[in-house]
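Here is a short report for a reader new to this structure. Keep the model in view while reading.

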Amino acid sequence: MAYNHENLIIGCGNILYGDDGFGPAVIEYMKEHNIILEGDTQLIDGATSAPHYIFTLPENKWKNIIIIDIASMNKKPGEIDVLKLNQIKEQERYLDVHGISATDPLHELEDHINIRIVACEPENVPDEMELGISETLEKSIPQVIEKVKEVLSDLLNS
């Protein structure tokens, strides 16, 4: 599938590990509830493969990427923040199972594409497989969607 749209909203995370599946859960909610977004925008469940199967295959048409994911930000579970790539400390970058930084491909794109991360503080990321996000994060989905709409609008109007 080609992601040949100007704006990509990508939910990242592993649905097998509790709140780590938050990004895909938000995308699923948006699709199920027919959430309308401005511009030429595509919703993508990036799961855990987004860094290597999406971000490394850029399209010339891309202008804005908004990633929905969890992040440890020393906030209360369910709290939301918008981050830029330079706010992710190098030593805290997520590494995939092969030890490759998930943000490296994004750094390759940031010179010509606007990238924002709508991050939510997790409550439960278990060491063992556990399906489903916590009730706290489930309740934060509508606020995350509003934040995504706000960020997209700001990017489209800047």
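## The sheet

Five strands make an open sheet, ordered β2-β1-β3-β5-β4, with mixed pairing. Its edge strands are β2 (41-47) and β4, and each of them pairs on one side only. From one strand to the next, the twist averages 20 degrees. This is a predicted model.

Strand β1 covers residues 7-12 and pairs with β2 in the parallel sense, over 6 bridges. Look for Ile9: its bridge partner in β2 is Leu43.

## Helix α1 and its cover

Helix α1 spans residues 22-32. Its buried residues are Phe22, Gly23, Pro24, Val26, Ile27 and Met30. What covers these buried residues? The cover includes strands β1, β2, β3 and β5, along with helix α4.

Just after α1 comes Asn34. Asn34 takes a positive phi of about 45 degrees.

## Salt bridges across the chain

How many salt bridges does the structure hold? The structure holds 6. One of them joins the side chains of Glu6 and Lys63, at 3.7 Å from N to O. This pair links distant parts of the chain, 57 residues apart. Glu6 sits in the segment before β1, and Lys63 sits in the loop between α2 (50-53) and β3. Glu6 is partly exposed because its relative accessible area is 24%. Lys63 has a relative accessible area of 45%, so Lys63 is partly exposed too.

Asp40 forms a salt bridge with Lys61. Their closest N and O atoms are 3.2 Å apart. Asp40 lies in the loop between α1 and β2, and Lys61 in the loop between α2 and β3, so the pair ties together parts 21 residues apart in sequence. At 24% relative accessibility, Asp40 is partly exposed. Lys61, at 36%, also counts as partly exposed.

Another salt bridge joins the side chains of Glu150 and Lys147, at 3.3 Å from N to O. Both residues lie in helix α4, 3 residues apart, which is about one turn of the helix. An α-helix has 3.6 residues a turn, so residues three or four places apart point the same way.

Are these side chains buried, exposed or in between? Glu150 is partly exposed, with 41% relative accessibility. Lys147 is partly exposed as well, with 25%.

## The loop between β5 and α4

The loop between β5 (114-120) and α4 (135-156) holds Leu131. Leu131 counts as exposed because its relative accessibility is 64%, and the cut-off for exposed is over 50%. Leu131 also belongs to a nonpolar surface patch of about 430 Å², made together with Ile15, Leu16 and Met129.

Ser134 is placed in the loop between β5 and α4 as well. Is Ser134 buried or exposed? Its relative accessibility is 11%, under the 20% cut-off, so Ser134 counts as buried. Leaving aside neighbours within four places in sequence, Ser134 is in contact with Asp19 and Glu123.

## The loop between β3 and β4

Where is Asn74? Asn74 lies in the loop between β3 (64-70) and β4 (80-83). Asn74 counts as exposed because its relative accessibility is 81%.

Now compare sequence with space. Asn74 and Glu121 are 47 residues apart in sequence. In space, their C-alpha atoms are 7.6 Å apart.

Note on methods. Residues numbered from 1 in each chain as written. Predicted model: local features only at pLDDT ≥ 70, side-chain atom pairs only at ≥ 80, totals over all residues. Heavy atoms only, no water. Helix = DSSP H or I, 4+ residues; strand = E, 2+ residues; numbered from the N terminus. Buried < 20%, exposed > 50% of the residue type's maximum accessible area, 1.4 Å probe, protein only. Pairing = 2+ DSSP bridges. Axes fitted to C-alpha atoms, helices over the stretch in contact; angles between N-to-C directions. Patch = residues over 30% accessible without salt bridge, like charges linked within 9 Å, V, L, I, M, F, W, Y side chains within 5 Å. Areas by Shrake-Rupley, 256 points an atom, 1.4 Å probe, with all protein chains shown as cover. Salt bridge = Lys/Arg side-chain N within 4 Å of Asp/Glu carboxyl O. Contact = heavy atoms within 4.5 Å.
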